[in-house]
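The sequence and the structure come next.

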Amino acid sequence: MRNDLYIDGKWVKPVNGETRNVINPATEEVLQIISAASAEDVDIAVKAARRAFDQDGWPKLSGAQRAKYLRAIAKGIRNRQEDIARLETLDNGKPFPEAMWDVGDAAGCFEYYAGLAEQLDDHPEEKIEISDGRFTSKAVKEPIGVAGAIIPWNYPLLMAAWKVAPALAAGCTVVLKPAEITSLTALELAAIAHEAELPAGVLNILTGSGSVAGQAIIDHKGVDKLAFTGSGPIGSQIMAAAARDIKRVSLELGGKSPFVVFDDADIEKAVEWIMFGIFWNQGQVCSATSRVLVQKGIYEKLLQRLVEETDRIRIGNGLDDGVLLGPLVSKRQHEQVVAAIEAAKAAGATVAAGGTRPDGFDKGYYLRPTVLTDVPLESDAWVEEIFGPVVCVRPFETEEEAVELANDSRFGLAAAVMSKNDARAERVAAAFRAGIVWINCSQPTFTEAPWGGYKQSGIGRELGRWGLDNYLETKQVTKFVSEEPWGWYIK
Ligand code: NAD
């Protein structure tokens, strides 16, 4: 059933029968009971994925044949977009319109990689010019093998799509573990893949904890590639596990992204993009622009407008009409974000907006959107990812100072700049040490464009053609074409 594990094309119970409650963050009620996979279940899934890769011929299919499955999955997602979005809202808490957007993007991701799979047929090899005329050489791309994919809770279906779509397009087989607190839409994806008649073993989806099921995936010798999105400390453990067997690894980790607003910017537009950059998805966004730097000339006016608009955001159950901020994903996340705000206050920060549970919400993990000022540069609030609807706003005077403050972070996922002076905006964009840079906006994400971080925000790039390369090896094939003997040992 939909709350079992999806292994080798079948729904199965975990061998030890363990389960886990799924909580609706808006009501704190139990929404569903799901299975918790053991290391033994992971072993069965990896063996199925190995067989599908090594024997059953998934990588041998043409790109066009694999694309048919990807398009069928995309269609399955689109056909049930509203139901899946509703489930995502119940499970994760995000407002329903945001969930609709995510689910549509997930379908689009499968469609996009179907196109790239077809292109693999058009360009099966690249001729290499060799200076020695006795040889010809070419480079061919081949799938890496079995991919172990581990994803977080903030965009449950979309993160699954970002990993599964390129992996399948490349010809890899997959063992995917969703985050334990938001697994329901990944199980829907398994059901859709099943309806699309994806061959058994090509995609296995196992719900379960990180410490048991996740650990078993990263330690398994049958896994060739680890693809992870989540926190830095777990990313570091995953890289260490990959190092033991020299597994391929790509990591999408956290951030503390800056948003620099110059005083020639339109204040109303700036305020809206600042809000979109930190309150979308309750601020539980790896690329959230959580450090806002505003040039002195407009600082007071912009801050006043930001506080006014922040206080007006409609908070509530994500299924209710007009709600723009739902509950945080879990009790633990709520506690952590509240603790981060308290620590910021203790360090000397001023709460200009929010900071508390909204009135009238006794149940649910709700928090008012929060604007902090006077945040000391060395405090955790300025340095560490809060992963909630909390923005730190700070004035600056010169472009040089803004760039220095923006880059003064161990993270480098994203950065944004706003100015009517295009040359200045481009100059600052070039100076940012970040993998994703937005000019005059924050957060828009496109399946075609590379996504990933500098510094401790990760390794590798997802999305676009870069995302496909994550799942491909490059093989050199060189042929001796001369009729002459080689003539080294035998003259
Ligand atoms: P997390 O690192 O705790 O968990 C992520 C996933 O890893 C979950 O599925 C979890 O079960 C699994 N996991 C935990 N321990 C494991 C282990 N020992 N072995 C294998 N897997 C294990 O992160 P989270 O709380 O789910 O997500 C929040 C974090 O993710 C934030 O720091 C955020 O910045 C980051 N994130 C980054 C991106 C990005 O694109 N860069 C996107 C979303 C979230």
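## Helix H13 and its surroundings

Helix H13 spans residues 399-407, and its buried residues are Ala402, Val403, Leu405, Ala406 and Asn407. The model is a predicted one. What do the buried residues of H13 pack against? Their partners are the strands S12, S13, S16 and S20 (454-455), together with helix H14 (422-431).

Strand S16 also takes part in an aromatic pair. Phe396 belongs to S16 (residues 390-396), whereas Phe262 is in the loop between strand S12 (258-261) and H9, so the pair links distant parts of the chain, 134 residues apart. Phe262 and Phe396 are both buried. The ring of Phe262 has a charged neighbour too: the charged end of Arg424 sits over this ring, 4.1 Å from its centre. Likewise, the charged end of Arg394 sits over the ring of Trp382, at 5.6 Å from the ring centre.

## Aromatic pairs

The model has 14 aromatic pairs. In one of them, the ring centres of Trp101 and Trp280 are 5.0 Å apart; their planes stand at 70 degrees, so this pair is edge-to-face. Trp101 is in helix H4 (residues 96-122) and Trp280 in the loop between helix H9 (267-279) and strand S13 (291-295), and the pair links these distant parts of the chain, 179 residues apart. Is each of these two residues buried, partly exposed or exposed? Trp101 has a relative accessible area of 47%, so this residue is partly exposed. Trp280 has a relative accessibility of 16% and therefore counts as buried. Ring pairs also join Trp101 and Trp280 with Trp273 and Phe276 in a cluster.

## Two domains

The protein is divided into domain 1 (5-253 + 457-477) and domain 2 (258-439). Their C-alpha centres lie 31 Å apart. Domain 1 gives 23 residues to the contact, and domain 2 gives 29 residues. The size of an interface is often given as the accessible area lost when the parts come together. Here the two domains bury about 2,100 Å² between them, with 59% of it on carbon and sulfur atoms. Glu28, Trp153 and Ser457 supply 25% of the area that domain 1 buries against domain 2, more than any other three residues. How many salt bridges are there between domain 1 and domain 2? The count is zero.

## Salt bridges

Side chains of opposite charge can pair when their charged atoms come close. The model holds 35 salt bridges, and the table gives some of them.

| Asp4 | Lys13 | 2.8 Å |

In the salt bridge of Asp4 with Lys13, Asp4 counts as buried because its relative accessibility is 5%, while Lys13, at 58%, counts as exposed.

Arg80 lies in the loop between helix H2 (63-79) and helix H3 (81-92), and Glu195 in helix H6 (residues 184-195), so the pair ties together parts that are 115 residues apart in sequence.

Asp219 is in helix H7 (residues 210-219) and Arg244 in helix H8 (residues 232-245), so parts 25 residues apart in sequence are tied together. Asp219 is partly exposed, with a relative accessible area of 31%, and Arg244 counts as exposed at 56% relative accessibility. Elsewhere, salt bridges with shared partners join Glu268, Arg305, Glu308, Glu309 and Arg312 into one network.

Technical notes:
Residues numbered from 1 in each chain as written. Predicted model: local features only at pLDDT ≥ 70, side-chain atom pairs only at ≥ 80, totals over all residues. Heavy atoms only, no water. Phe/Tyr/Trp six-rings, centres within 6.5 Å; stacked < 30°, edge-to-face > 60°. Helix = DSSP H or I, 4+ residues; strand = E, 2+ residues; numbered from the N terminus. Buried < 20%, exposed > 50% of the residue type's maximum accessible area, 1.4 Å probe, protein only. Lys NZ or Arg CZ within 6 Å of the ring centre and 35° of its normal. Contact = heavy atoms within 4.5 Å. Domains from an automatic or database assignment. Buried area = accessible area lost by both parts, 1.4 Å probe. Salt bridge = Lys/Arg side-chain N within 4 Å of Asp/Glu carboxyl O.
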